[in-house]
Amino acid sequence: MEALLEVKDTIGSTIDDYWVILYENFTPFQLQVYGSFFVVFIMLYWPICLLFMFLDLKRSPKFLYNFKIQKEKHQTWELYKKAMKTGLINQFLVSLPFAFVFYYLCEGINERFGTSFGYSVTRELPSLYIVIRDFLFFFLVEEIGFFYGHYLFHMDPFYKYIHKFHHQFKAPLAFTCIYAHPIEHIVSNLLPLMLGPALMGSHILQVYLWHGMAIVNTMHSHSGFNLPFLGDATEHDLHHEAFKYNFGVIGIFDRLHNTLLSREDYLKQKEERKSK
C-alpha cells in the first residue's frame, strides 16, 4: 500500500512540475487554443493515423493485421491521400479557428453574465475526485451531443448535403475520423467534446486528457481494425458499412432508440436474407 501511495505521489509531483512550466510560460489563450490543438493533432492524430496506415497498406505486422474488421476491403494510397487532405483542412481551417472563436465566446459570456463558462487555467491542479466527477459528465454530454447530432445528420436534407460526405468511406480509415463537412465537424465532432469541460469549468489539463482520449477512441473506431487493447471498433465500423445502426459513442442512446447492433448479429441477418 505504501508503495502505491509513493507511486501516486511521484506521478502527481511530476505532473505538477511540468504544469508549472506550462503555466508560467504560456498565456491562458495559448494553452486553451494552441495547447489542445497540439495535443490532439500533433501528438496523437498524425502519429497514430500514420501507424494505422502503415499497418493497413503493408498488411504488416501480420499479428496486428489479423484484427482487420472488413478483411475483404483493401484500401489504396489514393484513398489515404484523399482522407489526409480533408483532415488537414478540418484541422487548420475549421478546428483551429473554431477554438479561437470558442475561447472568446466563453470570455464574452463570462464578462456579460459573471459566470465561469469555459476552461480553467489555474496554478492549482484538480483533485482526483473532481477529475472523475467531471469525466462522468463529459461522457454524458458527448453521448447526447454526438448521438443526436449524428442521428439528425442522417435525415434529409442534412444527409444529402452534409453527412453523405463522411459516408463516402464504407470501410473507414483512421484518418477519416475527421473526414467531414465543416458544419458536421463543428456540430458533431467539436461541440460535444468541448461543451462538457466548458460547462463544468474544468482545468485545462483535464481538457487535454479528455480530448486526447476522445481522438484516440475515434481514430480506432474508424481505423478498420478492432485492436483488443483499444476498445470495440466493430460497432462504428458497422455503422459505415450498414448505415442505420450504432449512431452513438458508448451505446447508451442506441439502446434507448433500438439502433444498437453487433457485427455478429448483422452478419447473421445478412446470411438469413441470402438464404431466402
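In the predicted model, a nonpolar patch on the surface is formed by Phe139, Leu209, Met213, Ile250 and Ile252. Together, these five side chains' residues contribute about 420 Å² of accessible area.

The secondary structure of the chain comprises 11 helices and zero strands. Read from the N terminus, the order of elements is accordingly α-α-α-α-α-α-α-α-α-α-α. The chain has a radius of gyration of 20 Å, which is close to the 19 Å given by the globule rule for 276 residues, so the chain is as compact as a globular protein of that length. Along the principal axes, the C-alpha atoms occupy a box of roughly 65 × 50 × 35 Å.

Contacts and solvent accessibility were then examined for the chain as a whole. Of the contacts between residues at least 6 apart in sequence, 74% connect residues that are at least 24 apart. Buried residues account for 46% of the 276 residues. The accessible surface of the chain amounts to about 15300 Å², and carbon and sulfur atoms supply 66% of this area.

How values were computed: Residues are numbered from 1 along each chain as its sequence is written. This is a predicted model: local features need pLDDT of at least 70, side-chain atom pairs count only at pLDDT 80 or more; totals for chains, interfaces and linings use all residues. Side-chain values use heavy atoms; hydrogens and water are left out. Patches are made of residues with over 30% relative accessible area and no salt bridge: like charges are joined within 9 Å, nonpolar side chains (Val, Leu, Ile, Met, Phe, Trp, Tyr) within 5 Å. Accessible areas come from the Shrake-Rupley method with a 1.4 Å probe; for residues, only the protein chains shown count as cover. A salt bridge is a side-chain nitrogen of Lys or Arg within 4 Å of a carboxyl oxygen of Asp or Glu. Helices (H or I, at least four residues) and strands (E, at least two) are DSSP runs, numbered from the N terminus. The radius of gyration is taken over C-alpha atoms; the globule rule is 2.2 Å times the number of residues to the power 0.38. Buried means under 20% relative accessible area, exposed over 50%, partly exposed in between (1.4 Å probe, protein chains only). Contact means heavy atoms within 4.5 Å.
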